[in-house]
Amino acid sequence: MSRRVFGLSIKSFRLFRRTPINPPPFQHYSGGAFRTSFRSFCDCQELRRMDLPEGILMGFGNPLLDITCTVEDNVILEKYGLEANAAIIADEKHDALFDELMNMENVIYSAGGACQNSMRIFQWIVQTPFRAVFIGSVGKDKLGDRIEKRARSDGLLTLYQLKEELPTGSCAVIINGPNRSLVANLGAASLFSDDWIDEDDNICALDRAEYFYFTGFFLAVCPPAVERVARMCCETNRIMILNFSAVFVLQMQKEALGNILQYVDIIICNKEEAIAFSDTNDWKTKNIFEIGSRLQQMPKENVRPRLVMITDAVCPVLVFQDNDRVLEYPVPPVKQGEIFDTNGCGDAFVGGFLAMYVQRMPLDYCIRTGIFASQQVLHVVGVQIDKLPKFSEKCI
């Protein structure tokens, strides 16, 4: 029976009955956008944090080995038809790119994939191991073993689906000044199937989790898994968070997005992705405030108001709530000479935000922690947790 549970109505099973989850108290302001100050946040009274149960947060994404190189010009970008600050899926013309990067002197390898990075940052902040669990597919190879070992050393529990057909995936990360270009060779990550949901051990992990985070990258790989878990979240009153992740996801996965958005409690995206969603749905506007408001007001299956966050490297983080409430959170400037790598910045924002959100901290606190985490990873190449300082709330 346990293997069939996700094919039926979950309300029928005692295992999945839940008491309501009360999300963090949102700060409500009317009269247009409200701009908070960084100083006022730092001066606020210290809040009590929760003792989190194991596996409270579950993230679904594509586990990859990040292959990071810094270049001084655009030669390699032009050679492989890459754009600055874009994320794409590799095709045949990019095969030689990975070999070329691995032969460079300054190459750095790290466990990556957007969701896995976010979960590792989450663990860096909460500090108690295995509060988050990461789901994705890897090959039965040494690379998959290496990524799992790295994740566990960062306190992240992994429940990988193992595949023999393809090797563990990788991602080329090319840094040029403040810009980065990502080319993902998904490998085994592209083979994830929703059979994972039906395995007994995984059903137990699904029952423990109260918050579920999905990247758009994962949606592009396995829409059925996302939809099944999304329905479960709605029926059992748990929180579903979706990151749009990249413009190509919005362009290529319109139907899959349409099937799950009704279940999504929190949408996270950057400005370019928000505009791409508007274009794909023929909203005929590029006004970020209008797009954010319309995203927040899209039909929703449960009664919990949706939260929409739109990030930007320089402009304030915008937070859209019910009743047309909008908050703005300025991003403190970072000196150009202190920026080593912008890759993983958005991933770190998500990890920082979720680390406080699952502890039901005020929304202001969650956003500020996200901004702080995103700026910490700017100072290292790749999301290397061991090179980040020990997290302290006094730093935020």
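Across which strands does H4 lie, and at what angle to S5 does H4 run? H4 lies across S3 and S5, and runs at about 80 degrees to S5. The model is predicted, so that local features need pLDDT of at least 70 and side-chain atom pairs count only at pLDDT 80 or more, whereas totals for chains, interfaces and linings use all residues. Residues are numbered from 1 along each chain as its sequence is written, and side-chain values use heavy atoms, with hydrogens and water left out.

The sheet is open and has five strands in the order S4-S11-S10-S3-S5, with mixed pairing; two strands pair if DSSP finds at least two bridges between them, and the names refer to DSSP runs numbered from the N terminus, helices (H or I) having at least four residues and strands (E) at least two. At the edges are S4 (87-89) and S5 (108-112), each of which pairs on one side only.

Within this sheet, S10 (residues 168-176) is joined to S3 (residues 64-70) by seven bridges, and these two run parallel, with Val-173 as the bridge partner of Thr-68. Eight bridges join S10 to S11 (residues 179-187), and here the strands run antiparallel, so Cys-171 can be found opposite Ala-184 and Thr-168 opposite Gly-187. Two residues lie between the strands of this hairpin, where Gly-177 takes a positive phi near 65 degrees. Nine of the nine residues of S10 are buried, that is, under 20% relative accessible area, and both faces are covered, with Ile-174 among the residues on one side and Val-173 among those on the other.

Turning to the helices, H4 (residues 114-126) packs with H14 (residues 363-376) at an angle of about 110 degrees, their axes being 12 Å apart; axes are lines fitted to C-alpha atoms, for helices over the stretch in contact, and angles run from 0 to 180 degrees between N-to-C directions. The two helices are therefore roughly perpendicular to each other, a term that covers 65 to 115 degrees. Ile-121, Trp-124 and Ile-125 of H4 make the contact with Thr-369, Phe-372, Ala-373 and Gln-376 of H14, where contact means heavy atoms within 4.5 Å.

Finally, the largest nonpolar core has 69 residues, of which Ile-121, Phe-353 and Ile-367 touch the most other members; such a core is a set of buried Ala, Val, Leu, Ile, Met, Phe, Trp, Tyr and Cys residues joined through side-chain atoms within 4.5 Å. Its largest share, eight residues, comes from H13 (residues 345-357).

Terms used. Parallel < 35°, antiparallel > 145°, perpendicular 65-115°, else oblique. Buried < 20%, exposed > 50% of the residue type's maximum accessible area, 1.4 Å probe, protein only.
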